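Thanks for coming. I have one structure to go through this morning, and I will keep it short.

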Amino acid sequence: MPDGPSNGDVLITKEGGRFTPTELGMVVTDLLLESFDDIFDVKYTARMEEELDEIEEGKLDWRAAMGEFYGKFDKDLKHAEEHMTDIKRMEKPTDLICEKCGKPLVIKWGKHGSFIACTGYPECTYTRELEVDLPDVDTADLTEQGDEEYCQNCGRTMVLKKGRFGQFYACTGYPDCKTTRPVGGTQKKADVPLDEKCPNCGNSMVMKYGRFGEFTACSNYPTCKYVKQKTIGVKCPECNEGEVVERRSKRGKTFYGCNRYPDCDFVGWGKPIAEKCPECGGSYLIEKYLKAGAFAQCPNNECKFKKPLEPAPVEAAV
């Protein structure tokens, strides 16, 4: 008999105050009904309720009742060990053909549920989401996939897949094209090659797009994890050797620090300006945006110097 659900497998979810079976929950239920049909029979469970009442009243020996149950259960268990479907190793045939290599497609079971995969694996890695739950496969038309989505970066078709955070669309051109987008969201922009080499490994640098905007990094990620720091053109006011760079906290808030960290521990929320404070002699000012407008302000709490920031010059149109 195949292994049962592990601690991480979810059989039901609670939605709107009601319990709803997951795809795995429906599959497990069908397998139990198939292999233990006599125990799950309504008439049998009703008779068991009567027997429990008789045991309570002293009319029936509990050993006889348990012996009868285990006789049925042991027989069913041995049958299940030989005949129950092992969905974790299942390859259910379909009438579908792989659009990448032309080999037949089958239905498999993975850690995120059922999916369609090519029998040519590992030479062909084509997969896509199964758009119906496994118990409904036999009555569904798997050829109906709705309107096709196309990758905005390479033009190939997108397929629906399921990951740890839910369903998403992925380009069929993977691994050449790694474009993805969440269901209902916009496609992730492709990396833009730059005419610049990585100082760590020599591979080309690319412009990437993350959750907090664009950034420059090595194209050889994850082997090389070099990310180019965004400088603001100001020398570090603390060590006078490094450059002040723009960084982000884990919550996405922008702050500024020295690129010589940890040798220099200069850090601050305000964007430094390479200008000394005329009142206290501090080595720099910071940008401050208030309701009254933009100001250059001294970061020294004991100094109250503040002046309006001059607007950046606008380039004349050619």
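I will take a sheet, then the cysteines, then some backbone details, and end on a helix.

First, the conventions. This is a predicted model, in which local features need pLDDT of at least 70 and side-chain atom pairs count only at pLDDT 80 or more, while totals for chains, interfaces and linings use all residues. Residues are numbered from 1 along each chain as its sequence is written, and side-chain values use heavy atoms, with hydrogens and water left out.

Now the sheet. Helices (H or I, at least four residues) and strands (E, at least two) are DSSP runs, numbered from the N terminus. Two strands are called paired if DSSP finds at least two bridges between them. On that basis there is an open sheet of four strands, ordered E3-E4-E5-E6, with antiparallel pairing. Strand E3, residues 92-97, and E6 stand at the edges with a single partner strand each, so one side of each has no neighbour in the sheet. From one strand to the next, the twist averages 35°; the axes behind that angle are lines fitted to C-alpha atoms, for helices over the stretch in contact, and angles run from 0 to 180 degrees between N-to-C directions.

Going across the sheet, E3 and E4 pair over three bridges, and Pro-93 stands opposite Val-106 in E4. Strand E4, residues 104-110, pairs with E5 over six bridges; there, Leu-105 has Cys-118 in E5 as its bridge partner. E5 in turn pairs with strand E6, residues 127-129, over three bridges, and Ile-116 stands opposite Arg-128 in E6.

How many of the six residues of strand E5 are buried? Buried here means under 20% relative accessible area, exposed means over 50%, and partly exposed is in between, with a 1.4 Å probe and protein chains only. For E5, residues 113-118, the count is five of the six, so the strand is largely enclosed by the rest of the structure.

Next, the cysteines. A disulfide is taken as a pair of cysteine sulfur atoms within 2.5 Å, and the structure holds zero of them. The closest cysteine sulfur to that of Cys-239 is in Cys-236, at 3.7 Å, which is too far for a bond. Cys-264 is in no disulfide either; its nearest cysteine sulfur, again that of Cys-236, is 3.6 Å away. Cys-239 counts as buried at 19% relative accessibility, and Cys-264 counts as buried at 4%.

On to the backbone. Most residues other than glycine have a negative phi, and most peptide bonds are trans. The bond from Tyr-121 to Pro-122 is cis, with omega near 10°, and Pro-122 is in the loop between E5 and E6. Another cis peptide bond joins Tyr-261 and Pro-262, with omega about 15°; Pro-262 lies in the loop between strand E16 (254-258) and strand E17 (267-268). Asn-240 is not a glycine, yet has a positive phi of about 60°. Asn-240 sits in the loop between strand E14 (230-235) and strand E15 (243-248), and at 57% relative accessibility it counts as exposed.

Last, helix H2. Its 16 residues, 42-57, should span 22 Å at 1.5 Å a residue, and its end C-alpha atoms are 23 Å apart, which agrees; the expected span is 1.5 Å times one less than the number of residues. Just after H2, Gly-58 takes a positive phi of about 80°.
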